[in-house]
Amino acid sequence: MSTPNPVNTPKSGGPVTAALIADLAAASRILVAQGVVDGFGHVSMRHPQAPERYLMARAVAPALVVPEDIIEYDLESNACNAEARSSFLERFIHGEIYKARPDIQSIVHSHSPSVIPFGLVGVQMQAMFHNAAFIAGGVPVFDIRRKFGATDMLVSNAPKGAALAAVMGKKDVVLMRAHGSVACGPTLQSAVFRAVYTEVNARIQHWSTALKGGAPIAALDDEEGRLADAVNQTAGIRAWDLWRSQVRSQVNW
């Protein structure tokens with residue numbers, strides 16, 4: 001979904017290197033290739049020199065994103081340099097989380113199919129394996145109707161984005177009932193890694209639940225999750241390097 005560009009035009013936070021812009025564009029295509037997004041969904045990155053600004057593609061299908069599509073926003077989600085390019089209606093997810101969480105540098109919003117059931121049935125998502133260690137700390141569920149009643153389910157303004165950020169709190173992932181999820185990280189690479197492995201983890205939990213009968217699932221506990229996620233912050237770049245090289249071989253940027 002997209003909206004016309006806002007009337008107010010805030011000042012840019014300054015230039016961003018072509019390499020970083022290309023990585024952000026590539027992240028959209030990586031998320032498509034890994035089955036996290038399809039025609040919908042978006043990824044953003046906080047401006048590297050201006051924490052009160054963030055970068056995200058114009059309203060276009062993720063598989064079609066190119067560097068020229070990247071728009072800069074302030075934290076009110078007003079575009080700095082839209083230049084007639086339409087903005088995502090749900091950009092407020094990004095602006096309000098960046099406001100609430102100065103530690104977060106990148107955000108992915110997706111509708112990955114294996115994840116959605118956990119926001120519907122009251123079953124807690126658990127960390128099934130070390131690559132999904134970030135889930136061990138818990139995954140809250142944002143139910144938009146609790147504060148806003150019946151809606152179109154979209155986080156289409158700042159109050160809805162702020163409510164989502166409040167439910168997310170200090171966690172790395174938040175589910176959105178009957179909608180999708182948000183995964184965040186201290187880098188673009190880690191946010192993409194978490195979005196991918198939230199979907200993979202959800203599939204493994206579905207399989208484990210089907211296999212276990214009445215037995216408990218031996219998921220990672222909080223301490224195991226903390227230790228494994230610390231390793232993933234470094235080792236996870238291996239996955240990014242692979243995914244990024246695959247995009248580069250297709251589009252030469």
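D143 and R177 are both buried, and their side chains form a salt bridge in which the closest N and O atoms are 2.7 Å apart. The model is predicted, and it holds 12 salt bridges. The points below cover some of these pairs and helix α7.

**The D143–R177 pair**
- D143 lies in the loop between β7 (141–142) and α3 (145–148), while R177 lies in the loop between β8 (173–176) and β9 (180–185), so the pair ties together parts that are 34 residues apart in sequence.
- Salt bridges that share partners join D143, R145, R146 and R177 into one network.

**Salt bridges of R194**
- R194 is buried, with a relative accessible area of 5%.
- One partner of R194 is D172, with the closest N and O atoms 3.3 Å apart.
- D172 sits in the loop between α4 (158–168) and β8, and R194 in helix α5, 22 residues apart.
- R194 also meets D229 in a salt bridge of 3.1 Å, N to O.
- That pair links helix α6, which holds D229, to helix α5, which holds R194, across 35 residues.
- D229 is buried, as is R194.

**Helix α7**
- Helix α7 spans residues 237–251 and reaches 21 Å from its first C-alpha to its last, close to the 21 Å expected.
- Its buried residues are A239, W240, W243, R244 and V247.
- Seen down the axis of α7, these residues fall within an arc of 120°, so they line one face of the helix.
- An α-helix has 3.6 residues a turn, so residues three or four places apart point the same way.
- The face of α7 turned away from the buried side carries the exposed residues R238 and S249.
- The cover over the buried residues of α7 includes α1 (18–33), α5 (188–212) and α6 (222–235).
- After α7 comes N252, which has a positive phi near 65°.

Note on methods. Residues are numbered from 1 along each chain as its sequence is written. This is a predicted model: local features need pLDDT of at least 70, side-chain atom pairs count only at pLDDT 80 or more; totals for chains, interfaces and linings use all residues. Side-chain values use heavy atoms; hydrogens and water are left out. Helices (H or I, at least four residues) and strands (E, at least two) are DSSP runs, numbered from the N terminus. The expected span of a helix is 1.5 Å times one less than its number of residues. Buried means under 20% relative accessible area, exposed over 50%, partly exposed in between (1.4 Å probe, protein chains only). The arc is that of the directions from the helix axis to the C-beta atoms. Contact means heavy atoms within 4.5 Å. A salt bridge is a side-chain nitrogen of Lys or Arg within 4 Å of a carboxyl oxygen of Asp or Glu.
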